[in-house]
There are 2 protein chains.
Amino acid sequence: MQQIDQLIHAKWIITCEDKNKVLENHALAIKDGKILAILPSAEANTAYQAKQQEHFSTHAVMPGFINSHTHISMNLFRGLADDMELMDWLTTYIWPAEGKWVSQDYVTDASQLAMAEMIRCGTVCFNDMYFFLGATAQVAETVGMRAHIGMTVIDVPTAWAKTTEEYFAKAIDFYQQYKNSPLVTPTLAPHSTYTVSQENLARVKALADEYKLKINIHLQESAAEVQGSLQKYKKRPLQILDEIGMVTPDLIAVHMTQINDQDKEILQRTKPTIVHCPESNMKLASGACPVDDLVKMGLNVALGTDGAASNNDLDMIGEMRTASFLSKLTTNDPVALPAEQVLKMATLHGAKALGIDQVTGSLTPGKSADFIAIDLAQMETQPLYHPISQIVYASSRQQVTDVWVKGQRLLKNRQLLTLDEKELLKKAQSWSSKIQGTTSVDQKLVRSS
Amino acid sequence: MQQIDQLIHAKWIITCEDKNKVLENHALAIKDGKILAILPSAEANTAYQAKQQEHFSTHAVMPGFINSHTHISMNLFRGLADDMELMDWLTTYIWPAEGKWVSQDYVTDASQLAMAEMIRCGTVCFNDMYFFLGATAQVAETVGMRAHIGMTVIDVPTAWAKTTEEYFAKAIDFYQQYKNSPLVTPTLAPHSTYTVSQENLARVKALADEYKLKINIHLQESAAEVQGSLQKYKKRPLQILDEIGMVTPDLIAVHMTQINDQDKEILQRTKPTIVHCPESNMKLASGACPVDDLVKMGLNVALGTDGAASNNDLDMIGEMRTASFLSKLTTNDPVALPAEQVLKMATLHGAKALGIDQVTGSLTPGKSADFIAIDLAQMETQPLYHPISQIVYASSRQQVTDVWVKGQRLLKNRQLLTLDEKELLKKAQSWSSKIQGTTSVDQKLVRSS
């Protein structure tokens, strides 16, 4: 019998591979943080001697979620202001609060809180864009999550950097520090075509080529953004990026709710990844990304929650459900974006977007042991005819009971193992007292009550 | 000091009255199943001597949800088949399964399972339409939930009734049996204008007038329904009902995703209640009810989940969030259907729809003690700037910890007090084995994997 580290038996194993399999009464054999084999439980018991063996007899075991677009440190502004016009929300609440509070300490605490929330809903990897990158990266390494950290470039001075030179200098510093990290992957994150000059976008592209980095950008999020670009440059944002040569399979274009025939020609030729953030797009009234059209064009489409200040959560299960419902509504077709397809958007297609699909994103021998267990024997997911339908259309994030990254357990029967929940709740309350005192929140309380 | 039954102290009390109030550190004083007073906790301690006193120091206490449109007994078909064309779904799965399985026993078990799910997400009252009415009514009385039970009329033979005469006879029997029930209220439920003849609709209207009953009907759920009506009758469904005199404030028109100027004229003149079921409408690709327009026209709009076979849950918190997001998207206005308004749709406006807003639907002295506690000190709802934002946009149904109806506790710290959870899970599994064996589910499992 072969000696291994862990044998995880489950009622169902959902592989999320290109040719997805739903296996009953199978086991995951894990050695050195990797998946060694997936085989029937009975066979596993005779083939392997495991240091640790566990039975998830009412659970589905599947790859952890990959949240392909986040601003996790905005978590501390969640619910600070809702139901407002975008510019009112930004200028009255978010920007003043960011200007006053965002710092190394703020980002450290906010990242911890957000990672706790993400682990508790089964997320093992996230693709972030914010400030004080080192703080988030350090928390990810300590906590044990995979983090793709966007090195933000924006033509606006912030607490993080005052000038273009400083943004680029800090990006290069961050890259040098984390380029060999086992969990953190630096990416480039020019904010958008309306906040970054074409000169600076070209500079980002050159840096990405030099270091072989993915580029994330908010793109064609709303009709107003496209309109503004047409007025200012006589070009749509996608065309601007295409002319710079930035639109390639290494571009992660976030939102893309506005797509016309000219855009389709560019997308079909260049094949970037699109990240769909349906709840943010709905809540901010931005529009709906035509996911089905993009998939039919052969593009990789991944799923993200966006920041919790605009969404207002980091819940990938809820996001899958909304993505599927929204596609059915906008295409007028109840067959659109079925459960199994949206489950892959939240796992394997996220890994493809981030360029790590050889490493994670599906349960495949040789890949990293990044997986979760979801208990389906709860009232809300009974009776059960098909586990994927129940996960996507009926389950809640609280049914995620256990989470592992590289074979390390981060959540055990709903308890966080690498973060202190009580401590984090105290920190959240302390931050909210400070932030609330310095914004117009009191006025909001009056307005709403 | 006045002797009372219960004193419920809470961090926040949200009244959901027409002029909603969010009160901090207040208490609900309860006597004989009714709300006696709402006052600051400190004052309550000196004014009342309560047999039972409890402190919800991290919770919001608010009225329980009213789910204004359900087919709760379809719960046992939840996830039997998803992502299908409506007619394929109905003819291949749902109708054969209903034909074979729906019975007094089936409805009893399904009703128990559904009520367990509803109580666990904070619902205190539901407005149902299905078969074997007595079974659901009896479970509601035993469990302690408020149930409005639609006496179904449909021109199709079912296991419940074979002929029009039998449907009406069973309706009258049910009405006579439950007309004085403290928890069950009979209503009339002609299925739709495409499944009930105009002659039978007129007969329903006459019966409703005789017994002073509300009428529920599925109305203009999809473009195909309206198109079919125009082809067959040269009239839209709403016009058919208007000519019969059925469209009054006592009509509960469910869905209404299709509304043109002619419909608006009728609605403005007749003022029925509209029940919005956004998740069902999205999942079945039916369309989106223009809630904001209807509210501006002065109509009462309530919220429902529809049956869990099409939605796929009975979760009013998720439904509120989707309703708000969908309104913002379809009106292109991030201010549309704000958190506080959708919270009232799920409580007070549901009570108005059912004609019980003098009895329940808000926390108001004199009304029934139908209320819930939601714990907001969890990671996912921290930090907290405004409790209503957090409930609607960030919380999950699992944060509902306690539920009372008429002062009787149905859920205590997530434990059901009037239903046996383990027993119900066994029943659900037993039903799913039976149902799965007799439908095309195996084929579905192959298709999806």
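**View 1. Six salt bridges turn up across the interface of chain B and chain A.** A salt bridge here is a side-chain nitrogen of Lys or Arg within 4 Å of a carboxyl oxygen of Asp or Glu. One pair to look for is B:Asp313 with A:Arg321, where the closest N and O atoms are 3.9 Å apart. A quick note before going on: this is a predicted model, in which local features need pLDDT of at least 70 and side-chain atom pairs count only at pLDDT 80 or more, while totals for chains, interfaces and linings use all residues. Residues are numbered from 1 along each chain as its sequence is written, chains are lettered from A and ligands numbered from 1 in the order in which they are written, and side-chain values use heavy atoms, with hydrogens and water left out.

**View 2. Here is the side of chain B that touches chain A, with 24 residue pairs in polar contact between the two chains (both residues at pLDDT 80 or more).** A polar contact is a pair of N or O atoms within 3.5 Å; within protein, one must be able to donate a hydrogen and the other to accept it, and residues adjacent in sequence count only if both atoms are side-chain atoms. Which helix of chain B gives the largest share of this side? That's helix 17 of chain B, with eight residues. The residues of this side split into 33 nonpolar, 23 polar and 17 charged.

**View 3. Zooming out, 73 residues of chain B are in contact with 73 residues of chain A.** Contact means heavy atoms within 4.5 Å. About 6200 Å² is buried between chain B and chain A, and carbon and sulfur atoms give 57% of that. Buried area is the accessible area (1.4 Å probe) that two parts lose on being put together, summed over both. B:Asp83, B:Met379 and B:Tyr385 supply 15% of the area that chain B buries against chain A, more than any other three residues.

**View 4. In chain B, eight strands make an open sheet with mixed pairing, in the order 3-2-1-4-13-14-15-16.** Strands (E, at least two residues) and helices (H or I, at least four) are DSSP runs, numbered from the N terminus, and two strands pair if DSSP finds at least two bridges between them. At the edges sit strand 3 (34–40) and strand 16 (415–416) of chain B, each pairing on one side only. Strand 13 (residues 371–375) and strand 14 (residues 400–405) of chain B run antiparallel, paired over four bridges.

**View 5. Chain A comes in two parts, domain 1 (2–63 + 369–416) and domain 2 (65–354).** These bounds come from an automatic or database domain assignment. Taken over C-alpha atoms, the centres of the two domains of chain A are 29 Å apart. The contact takes 29 residues from domain 1 of chain A and 32 residues from domain 2 of chain A.

**View 6. Domain 1 and domain 2 of chain A bury about 2500 Å² between them, 64% of it on carbon and sulfur atoms.** On the domain 1 side, A:Val392, A:Tyr393 and A:Arg397 lose the most area to domain 2 of chain A, together 26% of what that side buries. There are two salt bridges between these domains. Also in chain A, the side chains of A:Lys352 and A:Asp18 meet in a salt bridge (3.1 Å, N to O).

Key. Ala, Val, Leu, Ile, Met, Phe, Trp, Tyr, Cys and Pro count as nonpolar, Asp, Glu, Lys and Arg as charged, and the others, Gly among them, as polar.
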